[in-house]
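I opened this entry to keep track of what I looked up. The notes follow the order in which I checked things.

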Amino acid sequence: MADIAVVTGASGGIGAAIAKAIAEKAEGQMRLALHYRGNRGAAEALSAELPGSFLIHADLGSDEGRKALLSAVLKEGSPYILINNAGIDKPHEPALMIQESSFDSIIDVNLRTPAFLMRDFGKEMASSGSGVIINVSSILARKALIGSALYRASKAALEELTKQFAAELGPRGVRVNAVAPGFIETAMTASIPEEIRGKIRSEIALGGFGNPGAVAQAVCHLIENEYINGAVIPVDGGMSL
Ligand SMILES: NC(=O)c1ccc[n+]([C@@H]2O[C@H](COP(=O)([O-])OP(=O)(O)OC[C@H]3O[C@@H](n4cnc5c(N)ncnc54)[C@H](OP(=O)(O)O)[C@@H]3O)[C@@H](O)[C@H]2O)c1
């Protein structure tokens, strides 16, 4: 059966760019599993561009959704790449306003889901002796921005999980790394008001928001480089300096 590269949140800006970049590098040697939740139109349009790819619909805020994703992939082949990209950053609540419901939804999608997908896909990869997992973190794992307390906590914990899985899965032939994008032009950042965008831009050494293709390039490097394990690569134009 074919090797599969799974991209969660392929219907979003960064996920679509990662899926396209992997497909280009794989030159038909690997099938892309394109996961989406609500935006079927974007996922279908992407799939039409990538021959051999297939769509998986799942809400990754739930255990059923995670199980559905795994079983849909296993029906088609053996997972070799997992990109934990699906994520949410809203609601934006100042620290003294955080809500339990926001805690649940942000932690479920951004932390619980990658944790258990790493466990379940990691078992499959370890049993075949090879695989690559990449988690999409954020510059906000290490930076205070009002309204991002829960998002920050979810991504900081995701980076620690990345390192732990890298240490435990490395000996089984599976590498685990992360990318930490800065501000990238996607639906997630589209609603930032111009006044705040200006302030953010002033903190970016390269002067502006990045494009999803830059994150995808870093992901491809982490897939290809056989001696990087447990790393978190910033893709932020120097904003974290
Ligand atoms: N854009 C940035 O500046 C930036 C910076 C740092 C890190 N990131 C991270 O990069 C990743 C991708 O973000 P993006 O900018 O590409 O955002 P986006 O365009 O809003 O895409 C988010 C993706 O996550 C999926 N998703 C959301 N909730 C889900 C759920 N409950 N179950 C399953 N899938 C769900 C969405 O699926 P549907 O649309 O189909 O519902 C969509 O495919 C996220 O992890 C984000 O935290 C982004």
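How many residues of the shell around the ligand are nonpolar, polar and charged? I found 12 nonpolar, 13 polar and three charged residues there. Here Ala, Val, Leu, Ile, Met, Phe, Trp, Tyr, Cys and Pro count as nonpolar, Asp, Glu, Lys and Arg as charged, and the others, Gly among them, as polar.

I noted that this is a predicted model, in which local features need pLDDT of at least 70 and side-chain atom pairs count only at pLDDT 80 or more, while totals for chains, interfaces and linings use all residues. Residues are numbered from 1 along each chain as its sequence is written.

H1 and helix H6 (187-190) each supply at least two residues of the shell around the ligand.

I then listed the buried residues of H1 (20 or more other C-beta atoms within 10 Å of their own, with exposed meaning 12 or fewer, partly exposed in between, and C-beta atoms placed from the backbone). Among them are Gly-13, Ile-14, Ile-18 and Ala-23.

Past the end of H1, I checked Glu-27, which lies in the loop between H1 and strand E2 (31-36). Glu-27 is not a glycine, yet has a positive phi of about 45°. Glu-27 counts as exposed because it has 7 C-beta neighbours inside 10 Å.

Last, I looked for a cis peptide bond and found one from Lys-90 to Pro-91, with omega near 5°. Pro-91 sits in the loop between strand E4 (77-84) and helix H4 (100-128).

How values were computed
Helix = DSSP H or I, 4+ residues; strand = E, 2+ residues; numbered from the N terminus.
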